[in-house]
Structures are given as C-alpha cells and as structure tokens.
Amino acid sequence: MFELFESKKKKQTKNHIRNLVSLSSADGSIDDSEKEILIRIGTKKGLNRGEIQKIIDNPGNADFLPATTDDERFEQIYDLVELMLADGVAEDNELHFCVEMAEKLGFRKTVVTV
C-alpha cells in the first residue's frame, strides 16, 4: 500500500532491480555472486537490503519505466551486462534479454547486438 506514495525515482529503481532479478534468474537460479551484485546496485541506488531481498524473493512483473536521462540509460544497461557476466557465462537467453532491454532503453539494436 505504501508503494502508492513512492517517488517516480524509487519506483524506477525497484523496476530496474526487478529487471536485473529477471536476468539473473534466467538460468533457473540466482547464485551468490549475482545476489551480491543485486544488493550492491540496489543499495547504491537508495534501497535497503530488506527492499532488495523482497524483490529477489518475489519480483512480480516489472512495468517498464524508461530512464529519464542518458546517464541513467547507460547505467541501467551497464548493470544488466555486469549482472549477466557475474557467473562467468553469458547464456543466449541472458544475451537476448540484455538486447531486448537495451532496445527498450533506446539503444539501437545494431549497436548492442553481438
């Protein structure tokens, strides 16, 4: 209920973490290195560990809220790629998710495809 009163920035941050959780669980599980990155990114963006853990435990569906600045767009795609590479393996479904998210963030597909 209190989420109704959250700022747009906090909602955007939570959705970003949800997107990261979706990516990290694309291979079936979230390993410890991925979880630590999620917590580091979330706390850096102003969420507490409890809020981040709640998202990890129950990500639900993230409504895509586009970044409002170029810096935010770059930071979000950087976080996605960092998380994708956390376990040392870039799986096809993770790559596809990153490309899809990059397009949603406004990057051209020709720039982000491998």
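Reply: Helices and strands are here DSSP runs, a helix having at least four residues and a strand at least two, numbered from the N terminus. Counted in this way, the chain of this predicted model has six helices and zero strands. From the N terminus on, the order of elements is α-α-α-α-α-α.

Some totals for the chain come before the detail. The chain has 114 residues, and 35% of them are buried. Among contacts with a separation of 6 or more, 67% join residues 24 or more positions apart.

The part to look at is helix H4, which spans residues 70-84. Two packed helices are described by the angle between their axes and the distance between the axes.

Take H1 to begin with. Helix H1 covers residues 8-24, and its axis lies 9 Å from that of H4 at an angle of about 25°. Angles under 35 degrees count as roughly parallel, and H1 and H4 are therefore roughly parallel to each other. Their crossing is right-handed. On the H1 side the contact is formed by Lys9, Gln12, His16, Asn19, Leu20, Leu23 and Ser24, and on the H4 side by Glu72, Gln76, Asp79, Leu80, Leu83 and Met84. By class, these residues of the contact between H1 and H4 are five nonpolar, five polar and three charged.

Now H2, residues 32-44. The axes of H2 and H4 come within 10 Å and cross at roughly 160°. Since angles over 145 degrees count as roughly antiparallel, H2 and H4 are therefore roughly antiparallel to each other. The crossing of H2 and H4 is also right-handed. H2 contributes Glu34, Ile37, Leu38, Arg40, Ile41 and Lys44, while H4 contributes Glu75, Asp79, Glu82 and Leu83. The contact of H2 with H4 divides into four nonpolar, no polar and six charged residues.

Asp79 counts as buried because its relative accessible area is 2%, and the cut-off for buried is under 20%. Leaving out residues up to four places away in sequence, Asp79 touches His16, Leu20, Ile41 and Lys45. Asp79 and Ile41 are 38 residues apart in sequence, with 7.6 Å between their C-alpha atoms.

Lys14 is in H1 and counts as buried at 8% relative accessibility. The C-alpha atoms of Lys14 and Ile52 are 8.0 Å apart, and the two residues are 38 apart along the chain. Lys14 is also one of the contacts of Glu51, together with Lys10 and Gly46, when neighbours within four places in sequence are set aside. Glu51 belongs to helix H3, residues 49-57. With a relative accessible area of 17%, Glu51 is buried.

Technical notes
Residues numbered from 1 in each chain as written. Predicted model: local features only at pLDDT ≥ 70, side-chain atom pairs only at ≥ 80, totals over all residues. Heavy atoms only, no water. Buried < 20%, exposed > 50% of the residue type's maximum accessible area, 1.4 Å probe, protein only. Contact = heavy atoms within 4.5 Å. Axes fitted to C-alpha atoms, helices over the stretch in contact; angles between N-to-C directions. Parallel < 35°, antiparallel > 145°, perpendicular 65-115°, else oblique. Left-handed = near helix turned anticlockwise from the far one by under 90°. Nonpolar A, V, L, I, M, F, W, Y, C, P; charged D, E, K, R; others polar.
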